[in-house]
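Let us learn to read a protein model by question and answer. Keep the structure in view as we go.

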Amino acid sequence: MEIMCLRVLLLIGTAVSGVSGGSFLIESNCTLCQTIPVPTASDFAVMLTDLFDSTIYDSRVFPRLMQNETIFVDVTFQLYKITDLDEVSGVMNLMAKVTVIWRDEYLTAKYIPGHHKPYEMDSLQTDVWVPPVTIFNSVKGLKPIFDKNYHVKTILAAAKNYWRAGVTTATGCSVDATYYPFDSQACELVLTMWDYTAEEVMFDNSATELDTEYYDENEEWDLESSTVTTYNSSNKPFRRYILNLKRRPVFFIVNMISPLVLVGLLNSLVFVLPADAGERIGFAVNVFLTFAVFLTILAENLPKTSAPLAMLSYYLSSMLAMSSMSTLVTIFTLRIHDKDEESTVPFYVAALVATMTFRICREKYKNPEKPEPKAPPPRPKPVTTPGPEDKSRPPSSMAPSAGPSRLGMDAAADPLDELKKPPPQPTQAVVVDDESSDEEEDQQPEIRYGVTWKTVAQTFDKFFFVAFSIGSMALSSVFLVPLFSRA
């Protein structure tokens, strides 16, 4: 009996102190404890007959003796867990417990403490008037959040009704992905009283922040703070809970930003590969495709909106454009490297390369040069072809001395034999034309400032390596530094 009395006084005292704002003192040896008996089933039957008879109480009637008065409803939202925040669809899913407290004057007017022994009771939602608390920004539909499986507890001495229920809801959340993955989001949960005006039902202003006593941390989002505001709009009561969330960025730094920075450095390293290796074009195309894949992955994880667009998307698009430019420049330098060395480098190209390599300031590169001509092949000596007469004659060294006998023999020769001999053939000799060798020497390419086509290709490789390295670092500074500054 003593314990039962203390429980009765504790509940009544809590209700009274909540209404009046004062304190309530419980004494263990009070007279009221000694006079309040334990209610029986018949006591509840009497009370239900007196309070909830259909001719006395109707849950469809506004629970005020004066129907033009305002009912103040106290709503406590106790957050348990943020199960998911989908940036693409803009939906926040959460679990919470909602406690709704309001006064029912019909129960106060009919309840007699001495006659009605029960001090509290549980009722079905269909038996009492329940304020239609509705989640205004729900994506599942605008309907009251009450569930018939939960009962309404009534503290009869204070004429207060308590309704507690677990809620799993999905609300809209406008995601600002400008600084993704270092972004912060402010998601709202808005409550209203469906079908009632602010003059009829109004939220109590007792709550100032979200109750997070039993909150379970989310793996991706950190709940930094929360605020609660109560206001009227178009003569409708509203209560807004704002959840300030900050993304945990470590996962995205390791799996997205770090690989992006490293791949960005490969844009310039394509010009370090030897031109004769034959791997430059394939290397540049692979880097380009890597950025394209990262851009696709990022687009799948961000909302399909243009205002605002994530800075990481701008960074990836810029690096993708730079990668395509490096591919085109690589093709250009390879074409220069494979040009015929026998062709002359134009003067403006040679002057440009000489300026870039400071050859124009060096004394030994100031005057144009020609390559040393190749040594001509040895020229054959003229060869005289002997005629028939010369073949019949012995060499002069072996010819006998002219004497009388010889002269006599020649004089005795037949004149017809002389006519039968073939005419003497003219002497032929191999003549080497010196003019052709002079023309070949004149056609040797003129080397200005010692610049050849390979020199041009190597100079452009060095220049574009430095240019693309500076470009990659500049883009990383412009887009990534503001992101990391918000970490």
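**Reading the features**

A: This is a predicted model. In it, helix H5 (residues 250–269) packs against helix H7 (residues 311–337) at an angle of about 25°, and their axes are 10 Å apart.

Q: How are two packed helices described?
A: Two values do it: the angle between their axes and the distance between the axes.

Q: Are H5 and H7 roughly parallel, or roughly perpendicular, to each other?
A: Angles under 35 degrees count as roughly parallel. H5 and H7 are therefore roughly parallel to each other.

Q: Is the crossing of H5 and H7 left-handed or right-handed?
A: The H5 and H7 crossing is left-handed.

Q: Which residues of H5 and H7 meet?
A: H5 brings Met256, Leu260, Val261, Gly264 and Asn267. H7 brings Leu312, Tyr315, Leu316, Met319, Met322, Ser323 and Ser326. By class, the residues of this contact are eight nonpolar, four polar and no charged.

Q: What is a disulfide?
A: A disulfide is a covalent bond between the sulfur atoms of two cysteines. In a model, sulfur atoms within 2.5 Å count as one. The count here is one disulfide.

Q: Which residues form the disulfide?
A: Cys173 and Cys187 form it, with their sulfur atoms 2.0 Å apart. Cys173 sits in the loop between strand S6 (160–172) and strand S7 (184–193). Cys187 sits in strand S7.

Q: Why is the disulfide of Cys173 and Cys187 called left-handed?
A: Look at the torsion about the S-S bond. For Cys173 and Cys187 the torsion is about -70°, so the disulfide is left-handed.

Q: Are Cys173 and Cys187 buried or exposed?
A: Buried means under 20% relative accessible area. Cys173 has 5% relative accessibility, so Cys173 counts as buried. Cys187 has 0%, so Cys187 counts as buried too.

Q: Where is the cis peptide bond that joins Tyr180 and Pro181?
A: Look at omega for this bond. Omega is about 5° between Tyr180 and Pro181. Pro181 lies in the loop between S6 and S7.

Q: What is the phi of Ser234, and what is the phi of Asn235?
A: Ser234 has a positive phi, near 55°, and is not a glycine. Asn235 is not a glycine either, and its phi is positive, about 60°. Ser234 lies in the loop between strand S9 (221–233) and strand S10 (236–247). Asn235 is also found in the loop between S9 and S10.

Q: Which residues of helix H8 are buried?
A: In H8 (residues 347–356), Val349, Ala350, Ala351, Val353 and Ala354 are buried. Helix H13 (453–484) is among the parts that cover them. After H8 comes Phe358, with a positive phi near 65°.

Q: How many helices and strands are in the protein?
A: The protein has 13 helices and ten strands. Of its 487 residues, 37% are buried.

Q: What share of contacts join residues at least 24 apart?
A: Take the contacts between residues at least 6 apart in sequence. Of these, 78% join residues at least 24 apart.

Definitions and conventions. Residues are numbered from 1 along each chain as its sequence is written. This is a predicted model: local features need pLDDT of at least 70, side-chain atom pairs count only at pLDDT 80 or more; totals for chains, interfaces and linings use all residues. Side-chain values use heavy atoms; hydrogens and water are left out. Axes are lines fitted to C-alpha atoms, for helices over the stretch in contact, and angles run from 0 to 180 degrees between N-to-C directions. Helices (H or I, at least four residues) and strands (E, at least two) are DSSP runs, numbered from the N terminus. Angles under 35 degrees count as roughly parallel, over 145 as roughly antiparallel, 65 to 115 as roughly perpendicular and the rest as oblique. A crossing is left-handed if the near helix is turned anticlockwise from the far one by less than a right angle, and right-handed if clockwise. Contact means heavy atoms within 4.5 Å. Ala, Val, Leu, Ile, Met, Phe, Trp, Tyr, Cys and Pro count as nonpolar, Asp, Glu, Lys and Arg as charged, and the others, Gly among them, as polar. Buried means under 20% relative accessible area, exposed over 50%, partly exposed in between (1.4 Å probe, protein chains only).
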